[in-house]
Amino acid sequence: MKKENEFGFAIHEIKNKLQVLILNSEVLERYLIKMNISDENVLKFTNRMKEESMDLYRFILDISYIFKKANNIEEFSLNELLNELIDIYNSLIDAKKIKIIKNYDPKIKEVSQDKKKLNIIIGNILKNSLDLKTKKNEITIRTEKQMNTIRVTITNYGEKINEKLKKNIFEAGFSTKEEGTGLGLYIVKELIEQLNGSIDIESTGDSTSFVLTFPDKLKNK
Ligand SMILES: Nc1ncnc2c1ncn2[C@@H]1O[C@H](COP(=O)(O)OP(=O)(O)OP(=O)(O)O)[C@@H](O)[C@H]1O
Ligand SMILES: [Mg+2]
């Protein structure tokens with residue numbers, strides 16, 4: 001079985017199990033009311049179980065989105081999306097005293113793309129840059145537009161990614177981190193291709209750039 005199918009399969013099963021949990025906690029809730037059990041704690045804990053399962057269910061639905069090949073195209077500001085991502089990681093950026101340099105192309109206004117997928121793609125690359133031990137605490141985010149193509153380059157100053165590592169880096173399960181799943185870049189590659197785009201790595205001794213290229217106006221197939 002292909003790796004992506006295995007993940008899809010696992011997510012599908014988790015989703016089903018969660019549905020069973022939610023259904024059963026609803027039955028329990030009704031049963032308690034029928035039995036006239038009015039102990040506040042019993043009702044509170046039962047309700048909490050249901051709410052937490054529903055939360056997890058919604059989260060799993062969100063993740064399962066990446067297994068759908070169809071794109072949800074909408075118009076949005078690329079700068080805003082990038083700034084939102086920087087915001088999400090603000091506490092980590094502050095704690096590691098990292099300077100984020102924004103080099104946004106003023107020619108880029110709105111793009112017509114799948115916002116959620118782009119968010120996952122760029123978010124994963126940014127997070128990887130933040131995870132590194134670096135020589136220089138700086139990350140540059142550059143955007144460029146040429147004809148109808150957008151390029152987003154994220155540059156950091158960590159260890160060089162040599163040719164051998166470049167071959168492995170997009171494989172599902174490849175990670176050099178203690179708590180890494182090695183799924184980040186695998187998902188990134190899968191998703192950028194769904195958006196008619198591509199990803200390249202440019203790594204010298206000094207800096208490493210992940211370069212994303214994608215159309216500014218994605219058309220549905
Ligand atoms: N900017 C980078 N510079 C150097 N190495 C990198 C960079 N980004 C990723 N890597 C290497 O690629 C590996 C795979 O990255 P990937 O995002 O797929 O998984 P991960 O980050 O290890 O795990 P997870 O995404 O679950 O946190 C990383 O473990 C790291 O060794
Ligand atoms: Mg990662």
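Which residues are buried in α7? I shall answer that in a moment, after a word on the model.

This is a predicted model, in which local features need pLDDT of at least 70, side-chain atom pairs count only at pLDDT 80 or more, and totals for chains, interfaces and linings use all residues. Residues are numbered from 1 along each chain as its sequence is written, chains are lettered from A and ligands numbered from 1 in the order in which they are written, and side-chain values use heavy atoms, with hydrogens and water left out.

To the opening question, then. In α7, the buried residues are Leu185, Tyr186, Val188, Leu191, Ile192 and Gln194. Buried means under 20% relative accessible area, exposed means over 50%, and partly exposed lies in between, with a 1.4 Å probe and protein chains only. Helices (H or I, at least four residues) and strands (E, at least two) are DSSP runs, numbered from the N terminus. Just after α7, Asn196 takes a positive phi of about 60°.

Let me turn to the overall layout. The domain assignment, which is automatic or from a database, gives domain 1 as 3–67 and domain 2 as 73–215. Their C-alpha centres lie 34 Å apart. Six residues of domain 1 are in contact with 11 residues of domain 2, where contact means heavy atoms within 4.5 Å. The area buried between domain 1 and domain 2 is about 750 Å², with 63% of it from carbon and sulfur atoms. Buried area here is the accessible area (1.4 Å probe) that two parts lose on being put together, summed over both.

Next, the interior. A nonpolar core is a set of buried Ala, Val, Leu, Ile, Met, Phe, Trp, Tyr and Cys residues joined through side-chain atoms within 4.5 Å. The largest such core has 39 residues, and Leu78, Leu118, Ile141 and Leu212 touch the most other members. Two or more residues come from each of α3 (78–88), α5 (115–131), β4 (138–146), β5 (149–156), α7 (184–194), β6 (198–203) and β7 (208–215). The largest share, six residues, is given by α5. Leaving out residues up to four places away in sequence, Leu118 touches Phe76, Leu78, Leu81, Gln113, Gly123, Leu195 and Phe214. There is also a second, separate core of five residues, including Leu18, Ile22, Tyr57 and Ile60.

Apart from neighbours within four places in sequence, Ile161 is in contact with Lys166, Ile169, Ile201, Ser203, Thr208 and Phe210.

Lys97 sits in the loop between α4 (90–95) and β2 (99–103). Its relative accessible area is 67%, so Lys97 is exposed. The phi of Lys97 is positive, near 50°, in a residue other than glycine. Met147 lies in the loop between β4 and β5. Met147 has a relative accessibility of 75% and therefore counts as exposed. Although not a glycine, Met147 has a positive phi of about 55°.

Finally, the rings. Lys44 lies over the face of Phe45, at 5.7 Å from the ring centre, and Lys136 lies over the face of Tyr157, at 4.3 Å from the ring centre. A charge sits over a ring if NZ of Lys or CZ of Arg is within 6 Å of the ring centre and within 35 degrees of the ring normal.
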